[in-house]
Amino acid sequence: MPQIVAVDNANEGMILAEPVVNSMGQTLLPSGVELKSSHIRILKTWNVRTLTIKNEDSEEEVEVSSELLEIAKESLLRRMKWSPRNAAEQEMLNASALYHAKLTLGN
Amino acid sequence: MDKLIQLNDILLKVQEFPTLPTIYVALMDVMANPRSTANHVAEIIAQDQASAAKILRVANSSIYGFHGRINNISQAIVFIGFDEVKNLVTALSIINLFQKVNVHSDINPVNLWKHSIAVGIITRMLGQHLGVKDLENYFLAGILHDIGKLLFFKIIPEAYSEVVSYAILNNMTFREAEQKKLGITHTVAGELLAEKWKLPQQIKQCIRYHNIGLIDGKPNQLVSCVHVANIFATMLGFGTTGDEVIQEPNLGVWQSVKIPEGFFMSSLQKILFTYEESIEFLLKSN
């Protein structure tokens with residue numbers, strides 16, 4: 001899945017998933033380019049703020065084991081002292097647990 | 001139980017609290033005048049270069065989704081609207097005002113601001129997904145919901161640090177501890193400050209009622225969105241409020257927050273990205 005990053009956070013080696021286009025519609029960099037530090041410098045001078053890059057994990061989406069997910073969920077539930085009562089609340093818990101589990105994996 | 005400080009002293013300190021900077025006041029005057037144009041507003045903002053630059057960055061950020069297409073303040077007014085530009089000036093002025101809060105406890109004002117910015121972002125995205133037409137105030141309401149806590153840290157730092165410790169030790173919510181030890185909660189004090197600053201009615205309501213999520217038992221879409229966003233940001237651990245306890249949503253809020261299924265899961269990445277992008281330029285000192 002392509003990911004949007006701020007140019008300020010762009011690093012060498014990232015691969016563009018979409019071309020970088022300026023406000024006149026001219027292509028500055030085509031997609032597929034591997035970013036070099038000179039690219040990033042030029043993009044900043046051009047006032048480009050965001051890039052769409054290929055997600056490094058796109059081929060192998062990080063798998064969060066159900067065990068890790070359960071641990072994350074339990075530690076949230078300990079601070080919640082309440083249980084989800086409807087679909088929205090359940091989803092808030094699931095999404096938060098997934099986020100924390102991924103953080104643990106250093107993703 | 002002995003109060004840490006007299007309620008009157010607190011109220012007096014709120015009244016003596018600084019007003020918002022002149023740029024904000026000048027902007028209010030211009031906007032109140034029906035004959036003002038976008039250029040008048042742009043001129044005032046341009047006098048403060050630091051604010052102008054930040055406003056352009058926010059206007060171009062993922063919060064609004066114009067990705068670098070806004071080049072000057074006049075354009076920002078056209079794209080995101082008069083009121084939203086005014087709100088950004090307000091947010092930046094207030095963040096600036098509270099940046100030098102000295103805190104003698106575990107809670108760091110930067111972390112509180114991070115939490116508040118996350119709440120602002122999520123509140124606005126909730127509003128968007130609910131199809132709210134008038135999204136102005138959504139971002140600002142989220143950002144300012146906990147202004148009362150920052151106010152306490154600024155005007156009564158020692159006493160409030162004690163309140164925080166007391167809440168954590170006794171496993172209480174902040175509001176319970178505040179009521180017991182100060183005789184006034186951060187939501188009520190925050191509303192008083194908002195009143196003094198003449199902030200919009202909707203913002204005042206969110207500061208006052210975000211913990212309950214309803215106004216006098218009645219649903220209110222913006223207040224309910226801030227309520228849900230506040231809980232979700234706490235669950236995600238974006239910044240900290242100091243409260244270890246994750247509050248239970250008020251069941252009544254789901255009447256006005258009829259969010260499509262899948263919102264929380266599918267918005268996660270966008271929330272995270274927008275959050276990381278925003279805290280960098282909103283909290284960076286000039």
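A salt bridge is a side-chain nitrogen of Lys or Arg within 4 Å of a carboxyl oxygen of Asp or Glu. The exercises below apply this term and others to a predicted model, in which local features need pLDDT of at least 70, side-chain atom pairs count only at pLDDT 80 or more, and totals for chains, interfaces and linings use all residues. Residues are numbered from 1 along each chain as its sequence is written, chains are lettered from A in the order in which they are written, and side-chain values use heavy atoms, with hydrogens and water left out.

**Exercise 1.** Determine whether the radius of gyration of chain B agrees with that of a compact globule.

Solution. 
- Step 1: The radius is taken over C-alpha atoms, and the globule rule is 2.2 Å times the number of residues to the power 0.38.
- Step 2: For 286 residues, the rule gives a value near 19 Å.
- Step 3: Chain B has 18 Å, which agrees with a compact globule.
- Step 4: The C-alpha trace of chain B spans about 55 × 45 × 35 Å along its principal axes.

**Exercise 2.** Describe the salt bridge between B:Lys86 and B:Asp83 and its setting.

Solution. 
- Step 1: The N to O distance between the two side chains is 3.7 Å.
- Step 2: Helices are DSSP runs (H or I, at least four residues), numbered from the N terminus.
- Step 3: Both residues, B:Lys86 and B:Asp83, lie in helix α6 (residues 82-97) of chain B, three residues apart, about one turn of the helix.
- Step 4: B:Lys86 counts as buried because its relative accessibility is 15%, whereas B:Asp83, at 34%, counts as partly exposed.

**Exercise 3.** Identify the residues that are linked with A:Arg85 in a network of salt bridges.

Solution. 
- Step 1: A search of the whole structure finds eight salt bridges over all chains.
- Step 2: One of them joins A:Arg85 to A:Glu89, at 2.7 Å from N to O.
- Step 3: A:Arg85 is partly exposed at 36% relative accessibility, and A:Glu89 is buried at 0%.
- Step 4: The network links A:Arg85, A:Glu89 and B:Glu248.

Technical notes: Buried means under 20% relative accessible area, exposed over 50%, partly exposed in between (1.4 Å probe, protein chains only). Helices (H or I, at least four residues) and strands (E, at least two) are DSSP runs, numbered from the N terminus.
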